[in-house]
Amino acid sequence: MARPGSGVGTAGDNVRTEVLPDLGAVAIRAAERIAQVAREAVTERGRCTLAFSGGTTPWQALRALSGEDVPWGLIHLFQVDERVAPSGDPERNYTRLKEALIDRLAIPSANVHPMPVEEEDLDEGARRYEAILRDIAGTPPILDLVQLGLGEDGHTASLFPGEAALQAVDSEIAVTGVYKGRRRMTLTFPAIDRARCILWLVTGSGKSAALERLRAGDRSIPAGRVRSDRAVLLADTATRSAQ
């Protein structure tokens, strides 16, 4: 596996891009793609591991996913990243994940793995989450699908420009510094890059400059350091037409 900084498989190499009419179309296509990956993983390996990010487009995709034909009893749900905030806080990605998907499904509670951001010792919580990942997805863990978003500043997950977690090479989970008033817990590049499928969801004209840099493999932004050979990028026309 390529480590961050190696230059292997970065986003400008061969990322597959599909441009759809609008956010709703991106959400529906994403749900179809995730469901397909889930079914194939269960057929091939007996279970599937999915990791989801936050954001408006993912929430719509997850609502659409709840109506797809997926063997939920064999699916494990993880988070890509999470804000350090109390349970039920509207800023928590898990709050929206639960509303958009989990509450709509007959999925075993043991298969749902929220990041332990309510722990007093966040670093210990990160190590425990890492242990759960390894127990379910192997050592080192290989997730079947990681869904990513893109910030206007080029961040993805909670891997922000200048963040120390960008340099993590020996861990799957990191705790970040404060960003927009909150610390975060996040998957690291090694965990993301091992995924069998990386699904980018990018919508809105405000993301157009960052998207151009992502597709060019610009390693000066965090998103440009994610490997591309296993990636599918779904964008809307507003994002692409603004370039």
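**Local features of the predicted model**

Ala-126 lies in helix H4, residues 122–137 (helices, H or I, of at least four residues and strands, E, of at least two are DSSP runs, numbered from the N terminus). The structure is a predicted model, in which local features need pLDDT of at least 70, side-chain atom pairs count only at pLDDT 80 or more, and totals for chains, interfaces and linings use all residues. Residues are numbered from 1 along each chain as its sequence is written, and side-chain values use heavy atoms, with hydrogens and water left out.

Ala-126 is buried, with a relative accessible area of 0% (buried means under 20%, exposed over 50%, partly exposed in between, for a 1.4 Å probe and protein chains only). Residues up to four places away in sequence not being counted, Ala-126 touches Ile-173, Val-175 and Met-185 (contact means heavy atoms within 4.5 Å). Val-175 is 49 residues from Ala-126 in sequence, but the C-alpha to C-alpha distance is 7.0 Å.

Several loops carry backbone features. Pro-140, in the loop between H4 and strand E6 (145–148), is joined to Thr-139 by a cis peptide bond with omega near 0 degrees. Ala-157, in the loop between E6 and strand E7 (173–175), has a positive phi near 50 degrees although it is not glycine; Ala-157 is buried, at 9% relative accessible area. Lys-180 is in the loop between E7 and strand E8 (184–187) and also has a positive phi near 50 degrees, but Lys-180 is exposed, at 70%.

In helix H6 (residues 208–215), the buried residues include Ser-208, Ala-210, Leu-211 and Leu-214. These residues cover an arc of only 160 degrees around the axis, so they lie on the same side of H6 (the arc is that of the directions from the helix axis to the C-beta atoms). Just after H6, Gly-217 takes a positive phi of about 70 degrees.
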